[in-house]
Amino acid sequence: MYINKINLENFRNYEKEEIEFDKNINIIYGDNAQGKTNILESIFICSLGKSFRTNKDKELINKEKEYAKIKMISSKEDRDINIDFEISEKKKFSINGIPIKRTSEILGKNYIVLFTPEDIMILKNDPSKRRRFLNIMISQLRPMYVHLLNQYNKTIEQRNTYLKQIKYESKPVENLNIWDEQIVKIGEKIYKYRKEFIEKINEKILDIHLKTTENKEKIKVKYISNIRK
Ligand SMILES: Nc1ncnc2c1ncn2[C@@H]1O[C@H](COP(=O)(O)OP(=O)(O)OP(=O)(O)O)[C@@H](O)[C@H]1O
Ligand SMILES: [Mg+2]
């Protein structure tokens, strides 16, 4: 898969811009604050449906404009994929000209891996950063995974609401089981997807790391979860 072209309109500091890419490696260089990361951000949005820099979609619109548009054309297995993104009051996506109902439908159309200087925090910071990284990767490969994540978060929210009802409305504690069972069930499925992905990573990185360290170091990634079997 490769990205052919991206058109930006009123996106961040770009008024109207067309950027064509080579099939192989592309290097984008320039002075600070010229809009290099903005280009990467536009690719990320067309691949994952949201930005990696902000949750406030309005920030994406050029400060002096009312709307922003991104058009990305990529090729996968010799077929063109057109992703259109538009944001004014709301954000809208279409794939090959057809508007989509859920943003998650965009996942898996273009596979991307983002690695920025801040991503070193995946190693340094708390596990939530590592989970986020895994979520971004697996979501692109397994549509079911996104569904499970949403279900998991929703169930946790409902459980929290019920916890408050136990406290303030004297609802029976036993009913918590309903949520707990769901959380365990969904959590286990999520765990399996993550474990499978880590195993895949391990198959790849061992060779790469051996080469880069002239056979001196072996590398292995381990997923340590709270789930006990
Ligand atoms: N909504 C917006 N409207 C107009 N300009 C914006 C908007 N959001 C960001 N910018 C501008 O985009 C520029 C930053 O772009 P970007 O982060 O892509 O720079 P960069 O080339 O990656 O810089 P660096 O080398 O420092 O990483 C800044 O000039 C900023 O003012
Ligand atoms: Mg930058």
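Leaving aside its neighbours within four places in sequence, with which residues is N38 in contact? With those neighbours set aside, N38 is in contact with F11, R12, N13, Y14 and R53, where contact means heavy atoms within 4.5 Å. This is a predicted model, in which local features need pLDDT of at least 70 and side-chain atom pairs count only at pLDDT 80 or more, while totals for chains, interfaces and linings use all residues. Residues are numbered from 1 along each chain as its sequence is written, chains are lettered from A and ligands numbered from 1 in the order in which they are written, and side-chain values use heavy atoms, with hydrogens and water left out.

**The chain as a whole**

- The protein chain holds five helices and six strands; helices (H or I, at least four residues) and strands (E, at least two) are DSSP runs, numbered from the N terminus.
- Read from the N terminus, the order of these elements is β-β-α-β-β-β-β-α-α-α-α.
- The C-alpha trace spans about 60 × 55 × 35 Å along its principal axes.
- Of the 229 residues in the protein chain, 35% count as buried; buried means under 20% relative accessible area, exposed over 50%, and partly exposed in between (1.4 Å probe, protein chains only).
- Among contacts in the protein chain with a separation of 6 or more, 54% are made by residues 24 or more positions apart.

- N38 has its place in helix α1, and N38 counts as buried because its relative accessibility is 10%.
- E41 also belongs to helix α1, which covers residues 36-48.
- Is E41 buried or exposed? E41 counts as buried, because its relative accessibility is 0%.
- Apart from neighbours within four places in sequence, E41 is in contact with F11, R12, S51, F52, R53, T54 and L60.

- Helix α3 has 15 residues, and the distance from its first C-alpha to its last is 21 Å, close to the 21 Å expected at 1.5 Å a residue; the expected span is 1.5 Å times one less than the number of residues.
- The buried residues in α3 are L134, N135, I136, M137, I138, S139 and Q140.
- The cover over the buried residues of α3 includes α1, α4 and α5.
- The axes of helix α3 (residues 127-141) and helix α4 (residues 143-169) come within 5 Å and cross at roughly 130°; axes are lines fitted to C-alpha atoms, for helices over the stretch in contact, and angles run from 0 to 180 degrees between N-to-C directions.
- On the α3 side, the contact is made by N135, I138, S139 and L141, and on the α4 side by P143, Y145, V146 and L149.
- By class, this contact of α3 with α4 has six nonpolar, two polar and no charged residues (Ala, Val, Leu, Ile, Met, Phe, Trp, Tyr, Cys and Pro count as nonpolar, Asp, Glu, Lys and Arg as charged, and the others, Gly among them, as polar).

**Helix α5**

- Helix α5 (residues 176-212) has 37 residues, which should span 54 Å at 1.5 Å a residue, and its end C-alpha atoms are 51 Å apart, which agrees.
- A kink of about 30° in α5 is centred on I205; the bend at a residue is the angle between axes fitted to the seven residues ending there and the seven starting there.
- The buried residues of α5 include L176, I183, Y191, R194, N202 and L210.
- Among the elements that cover the buried residues of α5 are α3 and α4.

**Residues with positive phi**

- A33 is not a glycine, yet A33 has a positive phi of about 60°.
- A33 is placed in the loop between β2 (14-20) and α1, and A33 is exposed, with a relative accessible area of 76%.
- E214 lies in the segment after α5 and, although not a glycine, has a positive phi of about 50°.
- E214 counts as exposed, because its relative accessibility is 63%.
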